[in-house]
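Here's a quick tour for anyone meeting this protein for the first time. Have a look at the model, then read on.

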Amino acid sequence: MSNLQANSDQQPIEYGFGGRLAAGFPSQILMDITEVCNLACTHCPHPTFMKSEHYGGRHLESALNEKMIEEVRQHGRGLTQYIRYASNGEPLVHPHAYEMIQAAVDHSGVFVTLTTNGKIMNERRTQRLLESGIHLIDISIDAFRPETYAKIRVKGNLEITRGNVLRLLRWVQESKAKTKVVVSFVEQAENTAEARDFEAFWRDQGVDDVVIRRLHSCSGAVEGLADQQREALRSSKRRPCLYPWERIVINARGDLAFCPSDWIHGSYVADYRNTTILKEWQGDFYRGLRQAHLRNNYLKHSFCGQCPDWSNTRWPHEGRSYADMVDDFVHGEGEVDA
């Protein structure tokens, strides 16, 4: 399955390219278009990130979004599963978010998704998203009860967010739009008792899927949780993280990075203004990173070496993942219009 052969004392052969994981071009492009967020969730490092030297309140330049779209159009057709607007900020606070998403839908030729907290999806914004033809909207909610939501999603109001999502669902149904609507839930101590009620409620409302995510340490940024995970994994044999074979990130600084949960710019690959996704994905840096994961030798990749979240990434042969859900939607819709 892999074109990165492992010796008998290294990782087994099933870790590598094959199936949806393409050596030619990333199967996922993660567009981290803003550092700004309108919530302060307890499981997220953003409140600490805002006080750090790494934060600048940046928004990605629209020109780099256009560059990405052209690369995907040229090199990603048949290889790139989807472009996902998400990650370390709330994408919809970017002043040009809707135009950027619209451009990706219109010109990339691949499936385009948005992950949002749903807080500012008022009627006008919701209508604008549907008019863009976006293929999937994933709203992160994380609670069934208002009091739990208030504890986890600080600065948020469940009644407002829930109303926004219910209106979105109604409009999708009334207009017969092809947009898929998914809600998601990061399971943690404060909300685990609500997971079944959450899923049952939203399935009754007609969402296309409910995603229950595993809590992770954001590549070690949530220090207490990271320490717990490292202790739990102490006797486990480490396997490669999926990400170096699956995705590339374009962050708000305009950098290419290899990790979607990097809050300290520890997964920096290159300045996207001076290179291309194609060149880096097939280049020496990524080759070395993949070999480090296969050999379990992180001397030159300390950011990965300290991260306990490798155990939360799921390879294609290890069970169903978010990518499988998207793949079902892609095949259900047929070919995406260019």
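How many helices and strands does the secondary structure of the protein come to? The count is 13 helices and nine strands. Keep in mind that this is a predicted model.

**Overall build**

Let's start with the whole chain. For 338 residues, a compact globule would have a radius of gyration near 20 Å, and the protein has 19 Å, so the two agree. Here are some other whole-protein values:

| Property | Value |
|---|---|
| Span of the C-alpha trace along its principal axes | about 55 × 45 × 40 Å |
| Share of residues that are buried | 54% of the 338 residues |
| Accessible surface | about 14800 Å² |
| Part of that surface belonging to carbon and sulfur atoms | 48% |

Sequence distance matters for the next number. Take the contacts with a separation of 6 or more: 74% of them are between residues 24 or more positions apart.

As for charge, there are 40 positive and 44 negative side chains. The centres of those two sets lie 2 Å apart.

**Inside the protein**

The largest nonpolar core has 70 residues, and M68 and Y85 have the most contacts inside it. Helix α3, which covers residues 97-107, gives the most to this core, with seven residues.

Y85 deserves a click in the viewer. Setting aside neighbours within four places in sequence, Y85 is in contact with a list of residues including M31, I33, M68, M100, I101 and L114. N65 and T113 are also among its contacts.

Apart from that core lies another one, of 11 residues, among them V182, V326, F329 and V330.

Conventions
Residues are numbered from 1 along each chain as its sequence is written. This is a predicted model: local features need pLDDT of at least 70, side-chain atom pairs count only at pLDDT 80 or more; totals for chains, interfaces and linings use all residues. Side-chain values use heavy atoms; hydrogens and water are left out. Helices (H or I, at least four residues) and strands (E, at least two) are DSSP runs, numbered from the N terminus. The radius of gyration is taken over C-alpha atoms; the globule rule is 2.2 Å times the number of residues to the power 0.38. Buried means under 20% relative accessible area, exposed over 50%, partly exposed in between (1.4 Å probe, protein chains only). Contact means heavy atoms within 4.5 Å. Accessible areas come from the Shrake-Rupley method with a 1.4 Å probe; for residues, only the protein chains shown count as cover. Lys and Arg count as positive and Asp and Glu as negative; His and the chain ends are not counted. The place of a charge is taken as NZ of Lys, CZ of Arg, CG of Asp or CD of Glu. A nonpolar core is a set of buried Ala, Val, Leu, Ile, Met, Phe, Trp, Tyr and Cys residues joined through side-chain atoms within 4.5 Å.
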